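Hi everyone, thanks for making time this morning. Let me put the structure up on the screen, and then I'll walk you through it piece by piece.

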There are 2 protein chains.
Amino acid sequence: MSLRVAKIMTYCFGIKVDRGLILCSDSRTNAGVDNVCIYSKMHTFLWPGDRMFATLSAGNLATTQAVVKRLNSDASANVVPSLLSVGSMQDAADYVGTLSSATQREQASRDAANGTKTNFGATFIFGGQIAGMPPELYMIYPQGNYIHEPPKHPYLQTGETKYGKPILDRVIRHDTALEQAARCALVSMDSSIRANLTVGAPVELLVYERDSLSAGHRLYLTEDDPFAREVKKRWNEGLLLALQNLPLFAWEQSDSQDAAHGTGQVFPFPVNK
Amino acid sequence: MSLRVAKIMTYCFGIKVDRGLILCSDSRTNAGVDNVCIYSKMHTFLWPGDRMFATLSAGNLATTQAVVKRLNSDASANVVPSLLSVGSMQDAADYVGTLSSATQREQASRDAANGTKTNFGATFIFGGQIAGMPPELYMIYPQGNYIHEPPKHPYLQTGETKYGKPILDRVIRHDTALEQAARCALVSMDSSIRANLTVGAPVELLVYERDSLSAGHRLYLTEDDPFAREVKKRWNEGLLLALQNLPLFAWEQSDSQDAAHGTGQVFPFPVNK
């Protein structure tokens, strides 16, 4: 399998809090475990003071690269629609979804003519803001349709989502402070990287403050980045402390280990004699 | 689909630390989201002072129930082999694996005669100790073969494993204190239950101290159990504290939000004009 059709196993997610947007992605792509590369999955499009968009991409690398190139060239050529012409974030999501599905359709028809059958699907996390409107966050499916973040847990994930979900689930709310949400994002990403070889550093993080219509803060954190290492170290220390502060079992309090009892309902052992 | 062939979506895992064994399971079984039941997935077999075994099961409910019944009846009838006759934990794992694959084979042949094709597979987490020997922990596959825990991260999981893996991965080592490992198990289970509807309370937890050859401590924690609620509450508090102790981003320290910079390598935005 060539890199042109490399399947990205990845972890990408976006968070929308009251104070802004966070986007976070790993940088590992692979076409099998013996063909691993580093590609940025984060692309940003900025017209300062007017509009800011950012995409994270998962899926077929040729598809995602083609879509990003087209987003740039359409805007440069001032065609309509483009990221420069769209009047709302929803129109922007619609435009990205249309480009993505058209790209896949084109590739699939060539593929069919060759008698092969490749998965050209790609998923995008898409966030941004247009002046005078609130920031928005979308997940754009390979089919070109899209959803916004759920109301209670305002984040959207794609790729290898499960390892990093519990921490987002426990922490992220609308009123979570922007930088707090960004630190939570780094922890969520670290949990995935530890667990899954196909998710790997460098980690890219975009912290966009609502109404700034600016580039925001963008970090590119390699594995041995001092800040990233300090986050990991302190997080592990914090978890151990959290664990030490959990309540004792009843038998620890009574200091007796003879009886089978707990603070939960006791469920006696069947004793086979 | 009847409950006889209900597929258990579940989360079961075992931990082996120097001081003993922890086994933990949820209690939700389902044959589709509209057919959810509560069944214990933990079964224990004890001959005090001589031997203790415990199984956690995932997969086809009819298969796992048949295997557990047979484990009990073989021991009661004093046949060889049985959990009472086996001379080592490995022999015991072999015996459970053989029973499991024989049960599946029998069901599959009846199924084939009926012209249907059902998945009768079941996976067991199997731990225990025989007097004079160390405790051991195995994962027994549907094929009847088995593995012990990995040396560096001494735990084994089956079912919906991903949500609960990061905390085990960060905390569990050989020298983790027994009760500390047990609290970590409850957190791991809670992460899965929060994330996946097919994993649900009550939670069963077995804490077995090495060389006790006793029933150990067994908890049955319903959703509104005060101890379980206190664990969740303090864990959430501890996580928020851990998050608050993470290092600040560079722009927070300098109190300037104008420049796009971080402590990581700066990755400048492409600015489309």
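Let's start with helix α2 of chain A, which lies across β6, β7, β8 (136-140) and β9 of chain A. Relative to β7(A), α2(A) runs at about 155°. Before I go on, please keep in mind that this is a predicted model: local features need pLDDT of at least 70, side-chain atom pairs count only at pLDDT 80 or more, and totals for chains, interfaces and linings use all residues. As for labels, residues are numbered from 1 along each chain as its sequence is written, while chains are lettered from A and ligands numbered from 1 in the order in which they are written.

A few terms, too. Helices (H or I, at least four residues) and strands (E, at least two) are DSSP runs, numbered from the N terminus. Axes are lines fitted to C-alpha atoms, for helices over the stretch in contact, and angles run from 0 to 180 degrees between N-to-C directions. Two residues are in contact if their C-beta atoms, placed from the backbone, lie within 7 Å.

Now the other helix here. α1(A) lies across β5, β6 and β7 (122-130) of chain A, and runs at about 160° to β6(A).

How do α1(A) and α2(A) cross? The axes of α1 (residues 61-76) and α2 (residues 89-113) of chain A come within 9 Å and cross at roughly 130°. That angle makes α1(A) oblique to α2(A); under 35 degrees counts as roughly parallel, over 145 as roughly antiparallel, 65 to 115 as roughly perpendicular, and the rest as oblique. The crossing of α1(A) past α2(A) is right-handed, meaning that the near helix is turned clockwise from the far one by less than a right angle, with anticlockwise being left-handed. On the α1(A) side, the contact is made by A:Thr63, A:Ala66, A:Val67 and A:Arg70. On the α2(A) side you'll find A:Val96, A:Leu99, A:Ser100, A:Thr103, A:Gln104 and A:Gln107. By class, that contact has four nonpolar, five polar and one charged residues. Here Ala, Val, Leu, Ile, Met, Phe, Trp, Tyr, Cys and Pro count as nonpolar, Asp, Glu, Lys and Arg as charged, and the others, Gly among them, as polar.

On to the sheet. In chain A, five strands form an open sheet in the order β5-β6-β7-β8-β9, with antiparallel pairing; strands pair if DSSP finds at least two bridges between them. β5 and β9 (146-148) of chain A are at the edges with a single partner strand each, so one side of each has no neighbour in the sheet. On average, neighbouring strands of this sheet are turned by 20° against each other, direction ignored.

β5(A) pairs with β6 (residues 51-59) of chain A in the antiparallel sense over six bridges. Among the partners, A:Phe45 is bridged to A:Phe53 in β6(A), and A:Leu46 stands opposite A:Met52. The two strands form a hairpin with three residues between them, and A:Gly49 in the turn has a positive phi of about 80°.

Is β5(A) enclosed or open? Five of the six residues of β5(A) (residues 42-47) are buried, so this strand is largely enclosed by the rest of the structure. A residue is buried if 20 or more other C-beta atoms lie within 10 Å of its own, exposed if 12 or fewer, and partly exposed in between, with C-beta atoms placed from the backbone.

Most residues other than glycine have a negative phi, and most peptide bonds are trans. Yet the peptide bond from A:Val80 to A:Pro81 is cis, with omega near 0°, and A:Pro81 is in the loop between α1 and α2 of chain A. A:Leu213, although not a glycine, has a positive phi of about 45°. A:Leu213 sits in the loop between β11 (203-209) and β12 of chain A, and counts as buried because 21 C-beta neighbours are inside 10 Å.

Finally, the partner chain. How many residues of chain A are in contact with chain B? There are 63, in contact with 64 residues of chain B. α5(A) gives the most to this side of chain A, with 14 residues. The residues of that side divide into 33 nonpolar, 17 polar and 13 charged.
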